[in-house]
Amino acid sequence: MDTLIDKVRNGDRRSLAKAMSLVDRAGPQARALADRLRQSTGQVPWWGFTGPPGVGKSTLIDALLNMLRERGRRIGVVAVDPTSPMSDGALLGDRVRMMRHAVDQDVFIRSLATHHREGGLSDAALHCARLLELAGYDPVLIETVGVGQSEVDIASVADICVVMLGPGYGDDIQLIKAGLLEIADIVVVNKCDQPEANRLLKEIREELGEAKRRNVETPKRQNAKTPTAEHKTADGIGGPETLKRRNVVSSIALGGSHGFEAPPIEIVGIEAKSGRGVDTLLDKLLELDRAARRPDQCQHHNRRRLMGEISRGVMLTCEQNLNRALAAPATEELLTKLERGELSLDTVVAQLGVAFKP
Amino acid sequence: MSLRGCFAVPGGFDPIRSSGLPLGECWAVRKVKVDVAVNVGSPKRILIGKVGLDGHDRGAKFIVRALRNAGYEVIYTGIRRTPEQIVRTAVDEDVDVIGLSLLSGAHNELFARVAELLKEEGAGNIILFAGGTIPDKDIPHLKSLGFRWVFTPGFALSEILAALEEELAGREEERI
């Protein structure tokens, strides 16, 4: 294990690829490596990119890679695509849009499948991002699967969250709905060569502009939403409830308890294929990136990330117990009884739940 | 969430049509036993790509869908790639198999270059196969370069999947 970590640190590309495969396979070796990686990383900001399927995440990352390379940066990319719920297979089709960087020694792209994880990412995505950090890539970019409104794991994983939208996202009501838009540090409207996109851009500026003003003007109401005393940890970060709601309010609330203010949400319109507007976006990303390197911010993000890992780790154990319970022959009987109305669903769930021990 | 629990029937898999390919047929060749507690085993990774200036990707995309249905993780590198791009991608993504599709006639030169680069990278244990309109008389040469199979028009999908599964099911995880 030590040799492998040293090789990765020294820039051995093949070892980096092999280490990533190791963490992608569940098992004790993967967990041991993951533990070591946690200790050696956490200083490089991770930029997260999320948004609906087909909105242009991969295309944007391709354009950013180009610009970051012009500025002499070495960039790592983790791109996640969904595992088939039917076959356990996957098409990992993000890097196909980044192929012009395939032979660049200062770019490393790794494609991963979710392995049925909900939330937009996979367990291995974090470990691979840490490996990229260890290998000297800075920044590290993470692309989620095409998400809907409620897959927001990226919020606890990345230091900076870019939420991308495109034409056809919906109307003003749609923009107030809970979920995706709440986790953004930057909202990017892509495909601004289309009039629909520009209408959306205008509406977002109105909607999120509203939210910004509301939160700044009513600090007392913000405090009502902060975690209660029993949820708070020693440094005030709070329990899983807070993390699930990484929204504008709790960002500012958390910020207040640390003595810094979360910056206002940036809203940028671009056309990723041609690169129009991407330089403006990159400037804003680099600004946030600089702020994210401050030691207090770094620690804040790291702890949030670790909290997410704890939460998902517990859920994974529960899931494994569930899978075993569902596969047992006794479940077939329970299913039949439920079908016939001999048992209620609550009873069936309770009987299966006996096997549960997180 | 894996839906497999909802669709699996005793003794097999419901034939669900996915993009025109009977899923049951693709799944039927699977030999890998997955621990029921674990969400997903360690799916093998297969790179499918087209080298050179060939833009006819219907066949490649058909194979990509079939492999996905058969439970593999497929890294599709698209059309008009150089041998260098293919090999670099294969090494960085740590794939188990590379499948190259070519219909333009440049297979002898380009496939040889891919095989050469893989050896230079120390990645000679990646399984190589080819598909496309390749004349029978060229197949022995390609096999001598390291291409395990050359799937010309006429091969049944089930043959292709069975060949891959046979080869991969036997492989042990490479120790690092």
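User: What pLDDT does chain B average?

Analyst: This is a predicted model, in which local features need pLDDT of at least 70 and side-chain atom pairs count only at pLDDT 80 or more, while totals for chains, interfaces and linings use all residues. Residues are numbered from 1 along each chain as its sequence is written, and chains are lettered from A and ligands numbered from 1 in the order in which they are written. The pLDDT is the predictor's confidence in each residue, from 0 to 100; in chain B, 75% of the residues score at least 70, and the average is 83.

User: Which residues of chain B have a pLDDT below 50?

Analyst: Two residues are in contact if their C-beta atoms, placed from the backbone, lie within 7 Å. The stretch in question has 22 contacts in the model beyond near neighbours in sequence, although its pLDDT is below 50, and it covers residues 9–20 of chain B.

User: Which element gives the largest share of the side of chain A that touches chain B?

Analyst: The contact takes 40 residues from chain A and 41 residues from chain B. Helices (H or I, at least four residues) and strands (E, at least two) are DSSP runs, numbered from the N terminus. The elements giving two or more residues to the side of chain A that touches chain B are α2 (13–24), β3 (90–92), β4 (107–113) and α13 (295–327) of chain A. The largest share, seven residues, comes from α2(A).

User: Which strand of chain B pairs with β3(A)?

Analyst: Two strands count as paired if DSSP finds at least two bridges between them. Here the pairing is in the parallel sense over three bridges, and Leu92(A) stands opposite Ile75(B). The partner of β3(A) is the strand of residues 73–76 in chain B, β6(B).

User: Which strands are at the edges of the six-strand sheet?

Analyst: This open sheet has parallel pairing and runs in the order β3(A)-β6(B)-β5(B)-β7(B)-β8(B)-β9(B). Each edge strand pairs on one side only, and the two are β3 of chain A and β9 (147–151) of chain B.
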